[in-house]
Amino acid sequence: MKVTVCRKEHFNAAHRLHNPAWSPEMNQKVFGKCNNPNYHGHNYNLTVKLTGTVNPETGYVYDMKILSDLIQTEIIAKFDHQNLNLDTEEFKNLNPTAENIAIVIWNRLRDKISAAYELSVMLSETDRNFVEYHG
């Protein structure tokens, strides 16, 4: 029997959605105000979900303190209060859409969590806009 455990965290970051191969008009048409050359920010809410079997000795699927520390080290310390386009290697050549941010987060965590666990990342950019990535 499998159980899913979830850990919520948040971080604040700025970004600009922009495709350098497109004209300014095309970028404006596709990305609108998110293409602001001076960037804009979000208060991102991140939910990391791990699915696995309950360890009969601990009663845990996964130690939530270990998961919290991992998210802090791998994600929050890396992205919080950063300009994703300018301050991070991951988005130097990758458009920092919510979709791409979720994929980058998933990849950073997947390398640190045993394949015995199913991993899912949900990233909310606003109360109404969020993405979920399962790998």
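This report walks through the fold of one protein, from the overall layout down to a few single residues.

## Where the model comes from

This is a predicted model, in which local features need pLDDT of at least 70, side-chain atom pairs count only at pLDDT 80 or more, and totals for chains, interfaces and linings use all residues. Residues are numbered from 1 along each chain as its sequence is written, and side-chain values use heavy atoms, with hydrogens and water left out.

## The big picture

Let's start with the parts list. The protein has four helices and five strands; helices (H or I, at least four residues) and strands (E, at least two) are DSSP runs, numbered from the N terminus.

The C-alpha trace spans about 60 × 25 × 25 Å along its principal axes. Of the 135 residues, 42% are buried. Here, buried means under 20% relative accessible area, exposed means over 50%, and partly exposed is in between (1.4 Å probe, protein chains only). Now for contacts, meaning heavy atoms within 4.5 Å. Among those between residues at least 6 apart in sequence, 67% join residues at least 24 apart.

## The sheet

Two strands pair if DSSP finds at least two bridges between them.

Next, take the pairs one by one. β1 (residues 2–15) and β2 (residues 40–53) run antiparallel and are joined by 14 bridges. β4 and β5 pair in the antiparallel sense over four bridges, with F130 in β5 as the bridge partner of S124. Five residues sit between β4 and β5, and the two strands form a hairpin. As you trace any of these, keep one general idea in mind: in a regular strand the side chains alternate between the two faces of the sheet.

The axes of α2 and α4 come within 10 Å and cross at roughly 140°. Axes are lines fitted to C-alpha atoms, for helices over the stretch in contact, and angles run from 0 to 180 degrees between N-to-C directions. That makes α2 oblique to α4, given that angles under 35 degrees count as roughly parallel, over 145 as roughly antiparallel, 65 to 115 as roughly perpendicular and the rest as oblique.

Which residues make the contact? From α2 they are L70, I71, E74, I75, K78 and F79, and from α4 they are V104, I105, R108 and L109. These contact residues divide into seven nonpolar, no polar and three charged. In this scheme Ala, Val, Leu, Ile, Met, Phe, Trp, Tyr, Cys and Pro count as nonpolar, Asp, Glu, Lys and Arg as charged, and the others, Gly among them, as polar.

## Residues to look up

G52 lies in strand β2 and is buried, with a relative accessible area of 2%. The C-alpha atoms of G52 and K2 are separated by 5.0 Å, while the two residues are 50 apart along the chain. Leaving out residues up to four places away in sequence, G52 touches M1, K2, V3, V61 and Y117. N83 lies in strand β3 and is buried too, at a relative accessible area of 11%. With that rule for sequence neighbours, N83 touches A14, Y39 and T88.

Most residues other than glycine have a negative phi. Y39 has a positive phi of about 75° although it is not a glycine. You'll find Y39 in the loop between α1 (24–31) and β2, and Y39 is partly exposed, with a relative accessible area of 23%. H81, also not a glycine, has a positive phi of about 55°. H81 lies in the loop between α2 and β3 and is exposed, with a relative accessible area of 59%.
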